[in-house]
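Reader: I'm new to reading protein structures. Could you walk me through one, a feature at a time?

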Amino acid sequence: MLAHNWRRILARAWSVRLMALALLFIIIEPIYTFVAATWVAKNIYIQLGMSIVTGLLAVAAIIARIFVQQKVSGDLNGKPPQEG
C-alpha cells in the first residue's frame with residue numbers, strides 16, 4: 001500500500017537517494033571497464049573501489065530504509081502527519 005504522501009517520501013527519503021547513487025555506480029562500472037579495456041590498461045584497484053562503493057551504498061540504503069525518517073514519513077502509529 002502506498003503512503004498518502006509518497007511523492008514527498010520519494011523526494012526526501014535517504015534510502016531512495018542512496019539507492020539512486022548506487023544505481024549510478026552500477027551504471028558507471030561497466031562503462032569504465034569497457035573504456036579501460038579499450039584505451040588503457042585495466043586498473044584492478046579502481047574496479048575494486050567502485051564495487052566496494054556500490055556495495056556500501058546499497059548497505060547504507062538498506063539501513064536508511066530500516067530507520068524511521070519521522071520528518072518525511074509521519075507519526076510512528078500510522079497516522080498521516082498533521083498539516084498546517
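This is a predicted model: local features need pLDDT of at least 70, side-chain atom pairs count only at pLDDT 80 or more; totals for chains, interfaces and linings use all residues.

Reader: Okay, how far is the backbone oxygen of M50 from a polar atom of the side chain of T54?

Author: The two atoms are 2.8 Å apart. T54 itself sits in helix α3, which covers residues 44-66.

Reader: Is T54 buried or exposed?

Author: The idea is to look at relative accessibility, where buried means under 20%. T54 comes in at 12% relative accessibility, so T54 counts as buried.

Reader: Which residues is T54 in contact with, leaving aside its neighbours within four places in sequence?

Author: Those are A22, F25 and I26.

Reader: Let's zoom out. How many helices and strands does the chain have?

Author: There are four helices and zero strands. Read from the N terminus, that gives the order α-α-α-α.

Reader: And what percentage of the residues in the chain is buried?

Author: Of the 84 residues in the chain, 18% are buried. The chain exposes about 6,800 Å², with carbon and sulfur atoms supplying 71% of that area.

Reader: What should I know about nonpolar cores?

Author: In soluble globular proteins, nonpolar side chains tend to be buried together. Here, the largest nonpolar core has five residues: L18, A22, L57, A61 and A64.

Reader: Which elements give two or more residues to this core?

Author: Those are α2, residues 14-38, and α3. The largest share, three residues, comes from α3.

Reader: Where is A36, and is A36 buried or exposed?

Author: You'll find A36 in helix α2. A36 has 1% relative accessibility, so A36 counts as buried. If you follow the chain from A36 to Q47, they are 11 residues apart, and their C-alpha atoms are separated by 10.0 Å.

Reader: How do I compare distance along the chain with distance in space?

Author: Take a pair and look at both numbers. I63 and S15 are 48 residues apart in sequence, with 7.7 Å between their C-alpha atoms. I63 lies in helix α3, and I63 counts as partly exposed because its relative accessibility is 42%.

Reader: What about contacts across the whole chain?

Author: Count the contacts with a separation of 6 or more: residues 24 or more positions apart account for 65% of them.

Reader: Last one: which residues make the nonpolar surface patch of about 570 Å²?

Author: The patch is made by L23, I26, I27, I31, F34 and V35. Take L23 as a case: L23 lies in helix α2, and at 46% relative accessibility L23 counts as partly exposed.

Technical notes
Residues are numbered from 1 along each chain as its sequence is written. Side-chain values use heavy atoms; hydrogens and water are left out. Buried means under 20% relative accessible area, exposed over 50%, partly exposed in between (1.4 Å probe, protein chains only). A polar contact is a pair of N or O atoms within 3.5 Å; within protein, one must be able to donate a hydrogen and the other to accept it, and residues adjacent in sequence count only if both atoms are side-chain atoms. Contact means heavy atoms within 4.5 Å. A nonpolar core is a set of buried Ala, Val, Leu, Ile, Met, Phe, Trp, Tyr and Cys residues joined through side-chain atoms within 4.5 Å. Accessible areas come from the Shrake-Rupley method with a 1.4 Å probe; for residues, only the protein chains shown count as cover. Patches are made of residues with over 30% relative accessible area and no salt bridge: like charges are joined within 9 Å, nonpolar side chains (Val, Leu, Ile, Met, Phe, Trp, Tyr) within 5 Å. A salt bridge is a side-chain nitrogen of Lys or Arg within 4 Å of a carboxyl oxygen of Asp or Glu.
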